[in-house]
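Subject: Structure handover

Hi there,

Here is the structure I promised to pass on. Please have a look at it first, and then read my notes below.

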Amino acid sequence: MMEKSEKVEELISSQHVKEMRKLSYDCDICKKVFSLKCNLISHRRIHTGEKPYQCEICGKSFSDQSALTSHEGLHTKKKPYHCDVCGKSFSVSSVLTRHKRIHTGEQPYHCDVCGKSFSQSCNLSAHKRIHTGEKPYHCDICGSSFSQSYCLTTHIRIHTGEKPYRCDICGKSFSVSRVLTRHKRIHTGETPYQCEICGKSFSDQSALIVHKRLHTGEKPYHCDVCGKSFSQSCNLSAHKCIHTGEKPYHCDICGSYFSASNDLMIHKRIHTGEKPYHCNICGSSFSRSYCLTTHIRTHTGEKPYRCDICGKSFSSNHQLTIHKRFHTDEKPYHCDICGKSYTVSSVLTRHKRIHTGEKPYHCSICGSSFSRSYCLTTHIRIHTGAKPYRCDICGKSFSVSSVLTRHKRIHTREKPYHCDICGKSFSHNYHLTAHKRIHTGEKPYHCDICGKSFSSNSELVQHKRIHTGEKPYRCDICGSSFSQSYHLTNHRRIHTGEKPYHCDICGKSFSRNNALTTHKRIHTGEKPYHCENCGKSFSESRLLSRHKRIHTGETPYHCDICGKSFSESHALTIHKHIHRPGKPYLCDICGKSFSHKGGLANHRYIHTGEKPYHCDICGKSFSQNSTLTKHKRIHTGEKPYHCNICGESFSENRIFTAHKRIHTGEKPFHCDICGKSFAQNSTLISHKHVHTGEKPYHCDICGKSFSGKKRLNKAQIYSYREERKRVVSSLLYIYNIPLIYTMEVSKTFRFFLFL
């Protein structure tokens with residue numbers, strides 16, 4: 001290292017160079033020394049800008065005769081110098097000489113500081129300026145300095161806007177010839193630069209150099225602020241802007257600023273819609289070259305980037321970088337508004353739109369706006385009906401690639417996302433994120449209408465549709481509309497009969513994944529949802545939510561006709577049938593009508609005698625599940641309904657509801673004949689029999705009829721007591737027992753038992 005530094009000092013020392021080479025001509029502006037006077041004269045033109053040699057065809061000027069001669073060959077197309085190896089022709093002999101070194105590998109020009117060799121003297125001269133730091137070419141517009149003349153020429157075109165190099169295929173213009181050469185390879189598909197390690201080919205030499213660093217691990221560009229290293233200089237330049245906050249590149253359409261010119265160029269394609277990179281397999285177009293490269297791997301299945309921690313492979317380096325942050329828990333991107341951190345910069349950008357409300361992506365068909373570009377792309381497929389992603393196992397097609405990835409996990413049963421708290425596994429990352437909020441209790445999404453909070457954004461979106469009544473998902477078979485997409489998906493399976501989810505224990509099939517998950521708990525006995533009030537456990541979250549309302553007394557479902565409230569949505573649905581005229585559900589056996597489908601289903605069990613619900617304690621069977629639930633409370637003694645006024649508990653909700661009316665004095669059941677009110681519906685029905693004269697309750701002992709069940713019960717008790725008296729008196733008479741006994745039934749009966 002010391003030896004190298006000494007060599008640099010020797011090179012910089014013009015006195016030492018003079019002594020070594022005996023130079024006699026030096027530039028009075030930059031002090032550079034030359035061995036020939038003609039070279040000094042040519043050199044001075046760099047400082048003066050003089051270009052005395054002019055092309056008589058196009059008028060272009062040059063500072064050197066050889067440059068003019070080379071240029072004139074473009075007009076005449078005369079190329080008298082031929083390579084005897086590959087047959088390529090050149091207009092200048094010196095260019096042929098340089099070209100031949102490609103075949104021979106000759107590099108006759110050596111740097112005496114670091115020993116590096118070059119095939120051209122101009123490359124050596126440019127290289128030496130790395131050691132000396134010399135930048136002799138100055139822009140007289142902005143003052144920027146450059147180490148090579150072509151860099152200055154290219155730079156000046158930024159100010160002038162000149163783009164002299166034009167593609168004869170697509171008409172696109174470029175400011176640098178090598179960029180045009182590279183561009184033409186997009187059309188020809190030529191990839192002349194090949195990696196000798198893995199055999200991969202590239203259209204650009206710089207891309208090959210960058211690629212080789214994947215194999216070597218070389219990162220020669222270092223940030224002098226934080227010490228981070230990069231494999232490409234452009235990445236270092238972009239990184240430095242993080243420290244400086246500089247964004248020098250400005251979009252003249254929307255006013256956005258960017259830290260790198262490449263980012264601005266890519267951004268402009270959002271406005272122009274340009275997608276210059278085309279897949280020759282499926283025809284898809286892309287605005288970025290790396291997007292095309294990554295896309296092609298979808299067809300080839302190539303995943304060259306491998307995680308050295310877990311062994312997982314990825315099709316792009318970017319995906320691997322993000323993946324590694326899951327292992328390290330690194331979140332380098334921070335929101336300066338709420339302080340939240342993210343592993344990916346694009347996620348931070350999307351997150352900020354929550355604060356700003358920005359939706360920059362607009363649908364040209366229906367005018368809908370979106371905060372994410374992929375949301376717009378996916379949305380447009382609703383209009384076009386395109387489903388480009390196909391499952392190679394079952395043949396099902398999808399409009400979004402991520403949905404296909406998730407779908408494949410149904411076949412593979414893969415669950416790659418694990419909760420580090422309870423160990424539960426999930427097939428989707430967002431399910432894990434939502435699950436973790438069960439442990440943390442976090443509910444970051446708030447409804448601005450009613451103030452209710454939710455643990456996921458999708459839940460909030462679905463909830464808002466309760467307020468708006470929006471049902472954007474429509475079945476194209478029967479026309480039914482739904483507020484949630486998965487409801488539509490589940491509904492369609494009614495028409496198709498599809499049941500893609502199978503239980504691996506009993507073989508039963510289900511149309512919904514959550515139905516399969518719930519079903520499996522029958523086999524495992526798992527009840528993961530616990531009530532923190534009474535400790536009772538449930539196999540489904542909805543059952544827990546319903547149960548909690550017993551403790552809170554909450555009745556969130558209100559009838560908009562009569563104002564009655566219910567703790568469950570299905571109870572409200574059933575109730576609304578009272579207000580509707582007619583009973584559309586008809587029993588085909590006895591002709592009885594019902595206002596709701598469930599009532600008809602329960603009624604049919606009367607005819608069939610079927611009792612599918614069995615008590616596992618006493619073996620008794622029931623036709624309804626709710627009746628079995630109530631029956632089990634006889635064995636357990638459970639009384640889950642508690643009155644918070646007097647503290648009394650009840651085993652059934654209907655008894656609890658009737659009890660509450662004792663405290664409130666409420667009598668919601670009114671007689672439409674005399675206006676009398678009652679606390680219970682059964683009492684009102686019995687009362688109406690007074691007006692109608694109907695006596696539907698018959699005693700099978702005495703044959704008498706009654707208008708109410710209570711009166712029948714009373715009559716039956718009286719008949720039973722009278723019969724008992726008669727039997728006891730007969731027995732006493734038969735056995736001739738002289739006993740003065742009271743006619744009070746209880747005493748007589750007790751005496752008889754004593755005998």
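**Salt bridges and other findings**

E196 and K212 form a salt bridge, with their closest N and O atoms 3.2 Å apart (the term stands for a side-chain nitrogen of Lys or Arg within 4 Å of a carboxyl oxygen of Asp or Glu). Because E196 sits in the loop between β13 (193–194) and β14 (201–202) while K212 belongs to helix α9 (residues 205–216), this pair ties together parts that are 16 residues apart in sequence. Helices (H or I, at least four residues) and strands (E, at least two) are DSSP runs, numbered from the N terminus. E196 is exposed at 60% relative accessible area, whereas K212 is partly exposed at 27%. Here buried means under 20% relative accessible area, exposed means over 50%, and partly exposed is in between, with a 1.4 Å probe and protein chains only.

Before going further, a word on the source: this is a predicted model, in which local features need pLDDT of at least 70 and side-chain atom pairs count only at pLDDT 80 or more, while totals for chains, interfaces and linings use all residues. Residues are numbered from 1 along each chain as its sequence is written, and side-chain values use heavy atoms, with hydrogens and water left out.

How many salt bridges does the structure hold? There are 28. One of them joins E274 to K172, with 3.3 Å between the closest N and O atoms. That pair links distant parts of the chain, 102 residues apart: E274 is in the loop between α11 (261–272) and β19 (277–278), and K172 is in the loop between β11 (165–166) and β12 (173–174). E274 is partly exposed, at 30% relative accessible area, and K172 is partly exposed at 30% as well.

Another salt bridge brings together the side chains of E414 and R409, at 3.9 Å from N to O. Is R409 buried or exposed? R409 is buried, with a relative accessible area of 13%, while E414 is partly exposed at 37%. Salt bridges with shared partners also join K172, R269 and E274 into one network.

On the surface, K695, K704, K710, R711 and K714 gather in a patch of positive charge. Such a patch is made of residues with over 30% relative accessible area and no salt bridge, and like charges are joined within 9 Å. Lys and Arg count as positive, and the place of a charge is taken as NZ of Lys or CZ of Arg. Accessible areas come from the Shrake-Rupley method with a 1.4 Å probe. K710 lies in helix α27 (residues 709–734) and is exposed, at 70% relative accessibility.

As for aromatic rings, the structure holds two aromatic pairs, and Y641, F650 and F656 form one aromatic cluster. Rings of Phe, Tyr and Trp (its six-membered ring) pair if their centres lie within 6.5 Å; planes under 30 degrees apart count as stacked, over 60 as edge-to-face and the rest as tilted.

Two backbone details may interest you too. D329, a residue other than glycine, has a positive phi near 65°; D329 is in the loop between α13 (317–328) and β23 (333–334) and is exposed at 58%. R413 has a positive phi near 60° and lies in the loop between α16 (401–412) and β29 (417–418).

Finally, C111 is buried at 3% relative accessible area, in the loop between β7 (109–110) and β8 (117–118). C111 and R542 are 77 Å apart in space, C-alpha to C-alpha, and 431 residues apart in sequence.

Best wishes

Conventions. Patch = residues over 30% accessible without salt bridge, like charges linked within 9 Å, V, L, I, M, F, W, Y side chains within 5 Å.
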